[in-house]
Amino acid sequence: MAQLIVDRRDVDFVIFEQMDIANLSRYSRYKDFNKKTCDMVITEARNLAIKEILPTNAEGDKTGAKLENGRVKVPECFHKPYKAFCEGEWIAMTDDPEVGGQGMPVLLAQAAGEYFSGANTAFVMYPMLCHGTGKIIETIGTQEQKELYLSKLYSGQWGGTMVLTEPQAGSDLGALTTTAKSNGDGTYSISGQKTFITAADHDLTENIVYPVLARIEGAPAGTRGISLFLVSKYRVNPDGSLGQDNDVQVTAIEEKMGIHASATCQVSFGSKGQCIGTLLGPENKGLKGMFLMMNEERLNVGVQALSLGSAAYLYAVNYARERVQGKNLLEFMDANAPSVPIINHPDVRRMLLWMKTLVEGMRSMNYFTGRCFDMHLVAEDEEERARYLGLVEILVPILKAYCSDRAFEVCVQAMQVYGGYGYCQDYPVEQLARDCKITGIYEGANGIQAMDLLARQLGKQNGQVFMNLLAEMGKTIGQAKEYEELAPYAVKVETASAKLAELAMHMGKTAMSERVLTAFSAAYPFLLSMGDVVLAWMHLWRAVVALPKRNAILGGKTGTERGAIIAQNREAAFYEGQIKGCDFFVLSVLPETMGRMDGIVSTSDAAATMDEACFGGK
Ligand SMILES: Cc1cc2nc3c(=O)[nH]c(=O)nc-3n(C[C@H](O)[C@H](O)[C@H](O)COP(=O)(O)OP(=O)(O)OC[C@H]3O[C@@H](n4cnc5c(N)ncnc54)[C@H](O)[C@@H]3O)c2cc1C
């Protein structure tokens, strides 16, 4: 049962049947990634995840990362899978082979990433950060920085980090106070305290590299005066060997709700005045440099959240098949009726189907965004590339915030399916819920994502990017209307997308009016609504792909014959599950979204304008 962290059949469906990954191999960048190769990559990732990484998940949660004599130790069981991860060259999956990458489509890397993260999300943060740091250096580093650092990060020999947050500068990075003083020789002395820094120290690698946000003495206040610096735990000699200690000290690690084995560190840079760094990218453009990576990082968080929701759902559905409790509702008057597995109870089936549609819809949403990312790299004409980039940019805040919050709800629902056992540590779902919660907080808290969607993405190119997204939905709606069985769902998704378009206009106007604060108080429910409509579209799309395939297997059979085929033929059951998923999401979940959208239009000004004293609590 533990092997079912990700539903391989559903991954294959989305990758090969819905997103048609093989089509990407038409482009020279991805020419080596035909169906067979993609299939092999997913199988390899799955094997590593199930055999090497998953067995460390519960132990890592129990042991946690430890600070001993100023050094962080990860759980001992992490060392073997880390070595295997590096040897398998899984860190730089999507990067150019010339810089040590595998050159994979982002879409394919997402499938591999879903397995890794679902197996042990705390573990995966270590190699993921090697990649994030390497990618910044690859994109904006000098030739010398690339030569000294890149291959060691992409191979996992050195660890990576992202060093932004300070106690007084979380969402508002403009408030940061870490300083950089020029030494007159091209280097800077870095000094400051950072907090919540993941993997700032550990014993998986011989060195750790820090892209650090700091302010050069005399630089303007706020975000315009922030620069990015490259700092190494040990100074790096010109030949690439490691030199003296660089005065970077982890002073504490956080005791957290989840991801216990991922070290979340308080770090002191230059407490002895001996921390030397070099500029990474241009002076005062540090945030831009760091945020170059944000689309990718937030895509990763979307997949991370999805993977935890996916594991929680699969554990829950299997538990519901095994746990015997209560009688079939239709036989409840019969004292001699046998007890049945809880999957027979309508309320449990409701919970399971809700989880299934959320997880599968989020998988499609994530992979679609990954595919758009790929297309923005390979599409032949510039206009198309720009169109795909626009789709990525509008979808990224939605999928980061929507998937993290919805996946957490899925994990909580999984605990409910387990009953009291779900609340206990002997079963895996409570850990998944604890591990999942952070995805809504880091990489830009979800409220900030909603503000980004409203303030920056909706109005981009006079709303053209948003219209392009609606046009994509329109294509699927048109295809679905061709099928009599799907047409009623298509009409409902069409109505929802039209309502979303009206709501977007309303939000834009309100944000430009004297009720601007009210508009921003509704930014998050707006994001949630947009996520729901995207998911409804994804389910309609799934149904469009699945319906003819299901019908081909059923061969026109009806009644008990039809039922028997679905019960016995796994492919028929899978495709039928897609139609039922679309039915449930469009008829049972989407109406709630329609109501929420009404609520946003008629929203009261109270949240925005009520006097602070009225909140009470003092
Ligand atoms: C486990 C963990 C790992 C982390 N890893 C890293 C890391 O590797 N590197 C790193 O640099 N940081 C890391 N962080 C920090 C993380 O990115 C921050 O916690 C996050 O950015 C939020 O900052 P904050 O905690 O100071 O909350 P605050 O900024 O104080 O926000 C609190 C709440 O207020 C809201 N809020 C704040 N400002 C606004 C605004 N202007 N408008 C509307 N709402 C607002 C937020 O949405 C949030 O709900 C990590 C944090 C944790 C817990």
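Which element gives the largest share of the shell around the ligand?

Modeller: Strand E5 does, with three residues. Keep in mind that this is a predicted model. Helix H13 (446–457) also matters here: E5 and H13 each supply at least two residues of the shell. The shell counts 16 residues, and Met162, Thr165, Ser171, Phe196 and Thr198 come nearest to the ligand.

Phe196 places a polar backbone atom 2.8 Å from a nitrogen atom of the ligand. Thr198 uses its side chain: an N or O atom there is 2.8 Å from a nitrogen atom of the ligand. Leu164 comes in through its backbone, where an N or O atom lies 2.9 Å from a ligand oxygen. On its own, the ligand has 980 Å² of accessible area, and the protein covers 62% of that.

Next, follow the strand. E5 spans residues 187–198 and pairs with E4, residues 179–182. The pairing is antiparallel and runs over four bridges. One of the bridge pairs joins Ser182 to Tyr188 in E5. Four residues lie between the two strands of this hairpin. Gly184 has a positive phi there, near 80 degrees.

E4 has another partner. Two bridges join E4 to strand E6 (residues 207–216), and these two run parallel. Thr179 has Arg215 of E6 as its bridge partner.

So much for the strands; back to the ligand for a summary. E5 supplies three residues of the shell, and E5 pairs with E4, which is bridged to E6 in turn.

Key:
Residues numbered from 1 in each chain as written. Predicted model: local features only at pLDDT ≥ 70, side-chain atom pairs only at ≥ 80, totals over all residues. Heavy atoms only, no water. Pairing = 2+ DSSP bridges. Near = heavy atom within 4 Å. Polar contact = N/O pair within 3.5 Å; in protein donor to acceptor, adjacent residues only side chain to side chain. Areas by Shrake-Rupley, 256 points an atom, 1.4 Å probe, with all protein chains shown as cover.
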